[in-house]
Amino acid sequence: MINDKFYRRRFVISGIAIVVVTVYIIRLFYLQIIDQSTKDQADNNALVKQTIYPSRGLIYDRNGELLVFNQPIYEITMTMREMGKEWDTTGFCKCLKISRAEFDERIAEIKDRKKNRGYSTWTPQIFMSQLKKEDIATLQESQFLYPGIQIQKRTLRDYTYKAAAHVLGSVGEVNQNDIDRDSYYARGDYSGRDGLERTYERQLRGEKGVEVLMRDSRGRMQGSYQDGALDKKAKAGTDLQTTIDIQLQLLAEELLAGKIGSAVAIEPKTGEILALASNPGWNPKVLVGKERSKNYSMLLKDPTKPLMNRATQATYPPGSTFKTIQALVCLEQGAITENTLYPCSGPQSTPIKCTHHHGSPVALDKAIEQSCNPYFWCAFRDLMQKDGYGKDNEDFRKRYELWREAVLEFGLGQRFQDTDLSEQSSGSIPTTKQYDRAYGKTGWKAITVRSLSIGQGEILTTPLQLANQAALIANEGYYITPHLNKNDSMLTHRHDVHIQKRYFEAVKDGMHRVMKYGTGRWYPIEDIEQAGKTGTAQNPHGKDHAIFIGFAPVEDPQIAVAVVVENAGFGATWACPVASMMMEQYLTGSVKRKDLKKKITTAVLNESVKKW
Amino acid sequence: MRASRSGNIWQNVDWITIGMFLALAVFGWINIYGASYTFDQTSIFDFSNRAGKQFVWILGSLALGTILLLIDYKTYDVLTYIAYGAMLLLLLATPFLAHDIKGSMSWISLGPVSLQPAEFAKCIVALAIAKYMGRYDYKVRSWRDLIVPFAIIGVPALIIMVLQKETGSALVFASFLLVFYRQGMSGYVLWVGVAAVALFIISIRFGAVALPLGTGSVGILTCMLLLTVIEIFFICKEHKMRWQALILIGSVILVYGLAMLVNIWVAVPFNWVAMGVVLALVVYSVVISIYWRKYQLLIVAAFSVFCIGYTHACDFVFQKVLQPHQRIRIEVLLGMKEDPSGAGYNVNQARIAIGSGRFFGKGYLNGTQTKLQFVPEQDTDFIFCTVGEEWGFVGSIGVLLVYLLFILRLIMIAERQRNTATCIYAYAVAGIFLFHLTINVGMVLGLLPVIGIPLPFFSYGGSSLWGFTLLLFILLRLDAARMEQLN
């Protein structure tokens, strides 16, 4: 309208429109260009990263027998929105054999947003987990009666044999520590907690996959994001073959029944651990699934400490088995020769009496055969006093240090560093410092540490170290670090001792005689020559520990064994037969000495040992 | 005379406007498909989804537009008052025929589809206003001349607000103020409106905030200071004397200075001091207006007194008159309450949707907020979110600019009329579109409280689309008649 009085007001009205649109464009500029927060908020709204769990690697024994595998377990989820008003709670409880009160309690837990942050009535919530096939069987048949209920499958560990629990270890939920240390883990993940499961966690666990899903405003999943461009497939864990011979392991555990003790077998040429038994142990199946934490705390409370792997963690004085090392060191360091003779007065001998009756004087072969204490005391004394005591005891202390270093080369007094055994004790070979502290630098002489000559006193060794020592003697001068992974050749992990081969021949001969004429003569194996050394270790905790180390066949050793039976008495009576049968089993595939086997298996030496 | 004057409607009709209308409607339709897109989505033409229905509504709207253009322009004039009467009856009857949809009683079911009569009321009211104010003898000279026009818009607005509980649709009638302004209503009325909104917001937002010194609230004091400034401005404007302004400002500052001095010993109720200052200025302006016979100042004085009361009544209105859901929308908007899962949910999700679109958008059908239905009402009132998320800043300002050009074009059409009634009608149409755009987009952008009114041509819905079509194509028909009227 031209020529009217208010003609110019059209500019005001147009101006209002322009101002409004301008303000909105500024606002859009702020929201879409300046404010950076909304992109993440949109992603948080819409994207859900769903983890795809890989199947864990299986574990086989050295002959390819399956030891550890995965069993399906089930979890029941419910989507509240789909359940409806007429839902038959009573029937549902009956199917699962739970009470109404338990049901209500669980529902309250699910709905508590403080505990269950991701709660939504639209998404499936875990109602019960880690159920066995039989637990859900009834529900599965009548699932259609309960809308909103889903049964989902996951996997748990399962075991072919009720054996080797310490070796295999177990799988459990990760704790905060694990999550902080390794970003791979998230709350609720499982990882190997001990044993091989822990050592080879990275190999066995595989790699989790991820699926990026879109979730709508009601929490319902709406398919994959960008057609799965950001998804990652799960990579199954790699299987593991252990060095364990499961038949040998089973036998060892059977023989140790009713006793506290352990048995370790090693293939000398390779360092492969053939058996690693510790009793009491447990059936590995009890530490699986929803029973795990309950059973674990019961095992923890057991006074016989079944969770402790005695084969690698318990330490004992080696007793007479140490005489083999003593002989080797004394020979190498020039205190004796193979022909050196020492007198023995039997039980009247001083300062250490002899526990056996034999002729006198004795040479090395006979001394080992008869486990003559005076012989080894004299040899040790002569070695210690070889250079005299010197000024301020210096020369003696130096000699002691040389002796100690030689002993350490046998793998004693320290953990095996380059191995896959996770739980180990170091044992102990006493240092000069220890004695200096106890007696003063000049206060101790050979006579002070005389117990060392026969493997008593301050020396402590683990059964694993003893077995390794047997393997070293069998190998005549070296050992391969004992280990459990069959696929990983450890031949480069060879440790040589600086002792001449001929001395080993002498000691081996002595050990052979032990099994032929000496303390081990009661346990021959048909057509197989064994070598060994028994030990009876005094200890402050009660009856002597029965100890044995040995290997067979003598001419080409295939297996080296160490056995310790706590508070059993003579090594010849309780440890030697166990080892001998293990060698027979490994070398011939079975134990022909049925009566002996039955006698040892059924003997209960400790009433409180439980079968888990 | 040009050959076209007598003739063909297709040559006289404003194709530019039709082009913009079509562009908006089609782009809106595309976005409705995006907003209602789910994972097992059917075709954009499938009548079982909203985009498919909207396609049918658009076809219907084109048919309706064609018919409207073919009708003789005089028919509209003849039918106006009859239609107005019929409309009032329909609006009155609606609450009884309607079924409750989210508390609103404005939808009538006709078989498979529902109609919202309020959407068509705008057009008829606009025609009625145009007819009444477009008479030869009508001029806005005083307030009395505006009584009837206010009644014409007020009656349907009240019915829609009170009986149908559709506050949003009723508020649209406020856009007719622009028409009245264009026809001569005092510009101060608009300012009074702006002032009323400002005072309301200030007194609600800061009403409960205590002053740092003395007693009283920040909200009331700010309102009073605002009134003081307005008073002084008008007194000085009437007198055209600089020195008087200085004296007035000086005295006001003096009073406040004294109050602060006293405050050292006694807590001064600054609200009352400020109110006293305003009242003193009111008395002063009344005296001088009588003395100088400048009665305009009386209006300003009355306004001030009214505002003092209004400021104090705001809180009452806010707490007692407004519905709880309206109150909480305002509180969230003013940042007085954080409520991202409740009343603030829509607004917050809309902000996330638009913001995450960034410069170029996530691409059509790729908006996660949109596709996963995080923004409720996204294909109707919150459709602009979809534009923001999937087409980004570029798409958003594109749409806003088309709307701006569209409204400016309507104003241009209004101004080229020789017939006052058509001009008024055109302004009414422009005002209604501007109002819808402002309220809807302002709401989506979190600048205005949530008021459920559609974005013209964009939002899903047959009633609103056909209502706007009616509004627009009647205007285009009347505009095309410009030439014929010359005869």
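Me: In this predicted model, which residues of α12(B) meet which residues of α13(B)?
Reply: On the α12(B) side, Met275(B), Val278(B), Val282(B), Ser285(B), Val286(B), Ile288(B) and Ser289(B) take part; they meet Leu297(B), Leu298(B), Val300(B), Ala301(B), Ser304(B), Val305(B) and Ile308(B) of α13(B).

Me: How do the residues of the contact of α12(B) with α13(B) divide into nonpolar, polar and charged?
Reply: The contact holds 11 nonpolar residues, 3 polar and no charged.

Me: What makes α12(B) and α13(B) roughly antiparallel to each other?
Reply: The axes of α12(B), residues 270-292, and α13(B), residues 296-321, cross at roughly 160 degrees and come within 9 Å. Angles over 145 degrees count as roughly antiparallel, and the two helices are therefore given that description.

Me: What is the handedness of the crossing of α12(B) and α13(B)?
Reply: The crossing of this pair in chain B is left-handed.

Me: Why is α20(A) called oblique to α21(A)?
Reply: In chain A, the axes of α20 (residues 571-588) and α21 (residues 594-602) come within 11 Å and cross at roughly 130 degrees. Roughly perpendicular ends at 115 degrees and roughly antiparallel requires over 145, so α20(A) is oblique to α21(A). Their crossing is left-handed.

Me: Which residues form the contact of α20(A) with α21(A), and how do they divide?
Reply: Pro577(A), Val578(A) and Met581(A) in α20(A) meet Leu596(A), Lys597(A) and Ile600(A) in α21(A). These residues comprise 5 nonpolar, no polar and 1 charged.

Methods
Residues are numbered from 1 along each chain as its sequence is written. Chains are lettered from A and ligands numbered from 1 in the order in which they are written. This is a predicted model: local features need pLDDT of at least 70, side-chain atom pairs count only at pLDDT 80 or more; totals for chains, interfaces and linings use all residues. Axes are lines fitted to C-alpha atoms, for helices over the stretch in contact, and angles run from 0 to 180 degrees between N-to-C directions. Helices (H or I, at least four residues) and strands (E, at least two) are DSSP runs, numbered from the N terminus. Angles under 35 degrees count as roughly parallel, over 145 as roughly antiparallel, 65 to 115 as roughly perpendicular and the rest as oblique. A crossing is left-handed if the near helix is turned anticlockwise from the far one by less than a right angle, and right-handed if clockwise. Two residues are in contact if their C-beta atoms, placed from the backbone, lie within 7 Å. Ala, Val, Leu, Ile, Met, Phe, Trp, Tyr, Cys and Pro count as nonpolar, Asp, Glu, Lys and Arg as charged, and the others, Gly among them, as polar.
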